[in-house]
Amino acid sequence: MSATFVPTQGAYPSKGRYCEIEVFSSAVPDREYEEIGIVEGEGSAWKSDLEDILPKLMGEGCSAGGDALIMQSSDTFSQGRDGIRTQRISATVIRWKTE
């Protein structure tokens, strides 16, 4: 299982790998925010699901200086000659706008 962060705007100081980061899965936040990047996590579908990949996504979001994740998509696909099933989950990393 792995996760990678792709910045879409600027660079921000890391909040450490294990910061408190909010996760929005079914609604967008009701506060003003700016998108700072996209984080994607991937794992073998036979042994990983959101509960396994989410901590990696959160860690990448914290390292990128994010305040929250907005979950975007989850795809399962087969790859390689043996058709190994892989799950890929992506989320938008955001920072709260301050007055």
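**View 1. Ser73, a partly exposed residue in strand β4.** With 33% relative accessibility, Ser73 counts as partly exposed; this class lies between buried (under 20% relative accessible area) and exposed (over 50%), using a 1.4 Å probe and protein chains only. Strand β4, which holds Ser73, covers residues 68-79; strands (E, at least two residues) and helices (H or I, at least four) are DSSP runs, numbered from the N terminus. Leaving out residues up to four places away in sequence, Ser73 touches Arg88, Ile89 and Ser90, where contact means heavy atoms within 4.5 Å.

Before the next view, a word on the model. This is a predicted model, in which local features need pLDDT of at least 70 and side-chain atom pairs count only at pLDDT 80 or more, while totals for chains, interfaces and linings use all residues. Residues are numbered from 1 along each chain as its sequence is written, and side-chain values use heavy atoms, with hydrogens and water left out.

**View 2. Gln87, a buried residue in strand β5.** Strand β5 runs over residues 84-96 and includes Gln87. Is Gln87 buried or exposed? Its relative accessibility is 11%, so Gln87 counts as buried. The Gln87 side chain makes a polar contact of 3.0 Å with the side chain of Ser74.

**View 3. Cys62, a buried residue in helix α1.** Here we move to helix α1, residues 50-63, where Cys62 is found. Cys62 has 1% relative accessibility and therefore counts as buried. Which residues does Cys62 contact, leaving aside its neighbours within four places in sequence? They are Ser14, Lys15, Gly16, Arg17, Tyr18, Cys19 and Ile21. Thr86 is 24 residues from Cys62 along the chain, with 24 Å between their C-alpha atoms.

**View 4. The protein chain, with one helix and five strands.** Read from the N terminus, the elements run β-β-β-α-β-β. Along its principal axes, the C-alpha trace spans about 55 × 25 × 20 Å. Of the 99 residues in the protein chain, 35% are buried.

How values were computed: Polar contact = N/O pair within 3.5 Å; in protein donor to acceptor, adjacent residues only side chain to side chain.
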